[in-house]
Amino acid sequence: MTYTLPARQLPLDESFDVIVVGGGPAGCTAATAAAREGARTLLVEATGCLGGMGTAGLVPAWCPFSDKEKIIYRGLAERVFRETTAGIAHIPAERLDWVAIDPERLKRVYDDMVTEAGVTVLFNTTFISVETQGDGVDVIILANKAGVTAYRAKVYVDGTGDGDLAVWAGAPYEQGEEGTGNLQPATHCFILSNVDTYGYEYGIPPGGDWNQPLRAIHESGKYPLIPDMHFCRNFIGPATMGFNSGHMWDVDNTDPASVSKALILGRKIAAQFRDGLAEMHPKAFGNAYLVATGSLMGIRETRRVLGDYLLTFADYQARRSFPDEICRNSYPIDVHHPKEKIADNIAGNYHGMSHHYGAGESHGIPYRCLTPKGLRNVLIAGRSISTDRITQGSTRVMPTCLAMGEAAGIAAAHAATTPGHDVHAVDTNRLRTRLTEMGGYLPEV
C-alpha cells in the first residue's frame, strides 16, 4: 500500500557550497576540511552531539593509530586523537594504540574543530529525502523542530555510515555477505562506574585468564543474554570502565524496527553484564554501577556503496599503493562471526576472519573509493566506501574514517569551484598536495 503526498512548497536554503550529512568521525573531518578550504559548509547530524560511535555510541577505545612503528592517521585525525587523549591522565602520551576514549571530552573536541573552521552545524536534524536532477543531487530534504526544509548545495558528502544519501540518490551498492546477506553482529556499548581499579588489576589469580569472570558467567547459566566471549573494555576515567562487549545478530541499521528491538535488548544485556561481573569478579565489580548505555547501536556493517574503484582483499594482502590514494590504513581485517558459529564465539574466538599486518605495513585507500558510480556531485566517506566485504572489516574503524573524511572534505570544496561540480574530475594530485600540506601521511607511491 502506498500514500501519495499532496503537492506542497518547502522553504529552500541555497546558502551552502557543501553539505555533509552525518556527524560521525568522517563527517566531522569532511565538514572541517571543506570549510577550511573556503567552502560554505553545513554539517547535518541526527543526534545532539558530534562523533558518532566514539561519543553517542560509547565505544571505549580508539582502534590503533599506528602501524606499530609510527602514527599513520594524521592531519585532522591526529588532531582529534591528540586533543582527546591529552585530557585522560592515566594514558601515556606515547601510547598510540587502543587508547581509551573519554566521550564527553571527545564531544567538545569535535565541537571546537568544526566551529573553529566555520562550519554551520544542525543538531537533531534528520535527512529524510533526496531529489535528483540528471546524474546529480539537486536538493536534500531535512526535518527538525523548524519543520521540513529543502537544502541545495553544489556538492554533498555522505557521512551517514549506511550510504543513505548516495543510495537514495540511486548509487549502486552491496550489503552483507554474498549469497546470505549476513551482517556482522552489532554491539551495544555501555559504561560501568565505581569499578575498583586495584581489585580489577589484582583480583584475578596469578596466571589466571583475564576473561575468567566472563567464562564463569557463561558456565553459571544465570545470565542467558550474554551471548559469547566478546569482552573488550577500557578504563576511560577514574573507577569508570567502558565496554564494547557482547554481540547481537540479525541487526540491520537500515531497518528501524530491527535497530529498535536491538536497543531494548542491548540495555538488558548491559544490565546482565553488570550483575554477572559483580557476582563473578566482586573485587572489581561488586559495587559497580551501570551509568550509561549508548544512544547509538554499535553497527559494524551495512551498505557498501560501489564507487569508481572497489578496494579488495587482494589489495589489502598486497599492501597496495595507488597514485590517487588519500590515506593509509593498517587496521587488521576484523570480520566478526555469524550467529551460526556462536560456539566459536563462546570458545573465545569472536572474530570470523582476521588478518594482521607486520610492523610498518599498510595499504592505500584510493580517492576513487569515495566517488559513487553514477552520481556527479556526491562523495562518500566512512564505513560505507567502495570495498568488498572482507576489506570493509578493516576500513570501517574510526581512525580510517577520520582520515578519509578529511580527503572527502577537501575534494568536495575543490569540486564546488569547478563547472559541473563533478567529484570524479577532481585533480587528485592537487588533492594529495593539500592533504600533505595539512599534515596527512601520504608516502611516495
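The term means a side-chain nitrogen of Lys or Arg within 4 Å of a carboxyl oxygen of Asp or Glu. Both residues sit in helix 2 (residues 76-85), 4 residues apart, so about one helical turn separates them. Helices here are DSSP runs of H or I with at least four residues, numbered from the N terminus.

## What the model is

You're looking at a predicted model, where local features need pLDDT of at least 70 and side-chain atom pairs need pLDDT 80 or more, while totals for chains, interfaces and linings use all residues. Residues are numbered from 1 along each chain as its sequence is written, and side-chain values use heavy atoms, leaving out hydrogens and water.

## Other pairs to look at

Arginine 274 pairs up with aspartate 275 in a salt bridge, the closest N and O atoms being 2.8 Å apart. Arginine 274 is buried, at 19% relative accessible area, whereas aspartate 275 is partly exposed at 36% relative accessibility.

Then there's arginine 328, whose side chain meets that of glutamate 325 in a salt bridge, 3.0 Å from N to O. Both of these residues are buried.

## The wider set

How many salt bridges does the structure hold? The count is 27. Salt bridges also link Glu174, Glu301, Arg304 and Arg389 into a network.

Note on methods
Helices (H or I, at least four residues) and strands (E, at least two) are DSSP runs, numbered from the N terminus. Buried means under 20% relative accessible area, exposed over 50%, partly exposed in between (1.4 Å probe, protein chains only).
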